[in-house]
Every structure is written in C-alpha cells, then in structure tokens.
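Here is a friendly briefing to read alongside the model. Take a moment to look it over, and then follow the points below.

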Amino acid sequence: MAKKLYVGNLTFSINDEELEKAFAEFGEILSAIVIKDRVSGRSKGFGFVEFANDEDADKAAEALNGTELEGREIRIDQARDQRNV
C-alpha cells in the first residue's frame, strides 16, 4: 500500500524533481510535489512525497527527518488524510 509523507521547512527554491531526488534512494516514489501559492507560483515551503511501499516511506522518514536539504533542516511526518478531517 502507498504511504504519503509530509515534508516541511523546505527551501523556497526547491522543485518537484529535486524533492523526488532527495527521497529516491529509499524506494519507488509515486509522486513528489512541492505545494505552491496559486497566485505567485512560489513554493509555500512544504510538500508531499508518496512511496509505493509503506516500509520504504518509514525508512525515508526515519533517515531524513531533521537532516539538512539545500540548507534547511527538514521535518517529516506521515501525511494526514484531508478527506477525514
């Protein structure tokens, strides 16, 4: 089953491809999306990475949470399902 991770405190210059590349070593990624402002198109400083395998997502979260990505210490959590909020 797929598992989606929230990735916070991203640098505003990071794009989807760079985010995916940072997580690619941990397993198959279904999607990597940096959330952008609708008006300006600028990053909001967070994104989501979806892994095909739950164990790979857990390994990535454990290994990368609190590490530096392009000069900023990133925070990783399991993404919440917004449909149930």
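Glu70 sits in the loop between β4 (68-69) and β5 (72-73); strands here are DSSP runs (E, at least two residues), numbered from the N terminus. The model is predicted, so local features need pLDDT of at least 70 and side-chain atom pairs count only at pLDDT 80 or more, while totals for chains, interfaces and linings use all residues. Residues are numbered from 1 along each chain as its sequence is written, and side-chain values use heavy atoms, with hydrogens and water left out.

**Exposure of the loop residue**
- Glu70 counts as partly exposed because its relative accessibility is 42%, between the limits for buried (under 20%) and exposed (over 50%), with a 1.4 Å probe and protein chains only.

**Strand pairing**
- Strands β2 (residues 29-36) and β3 (residues 43-51) run antiparallel and are joined by six bridges; two strands pair if DSSP finds at least two bridges between them.
- Strand β1 (residues 3-8) also pairs with β3 in the antiparallel sense, over six bridges.
- Phe48 in β3 has Ile33 opposite it, and Tyr6 stands opposite Phe48 too.

**The turn**
- The hairpin of β2 and β3 has six residues between the strands, and Gly41 takes a positive phi near 80° there.

How values were computed. Helices (H or I, at least four residues) and strands (E, at least two) are DSSP runs, numbered from the N terminus.
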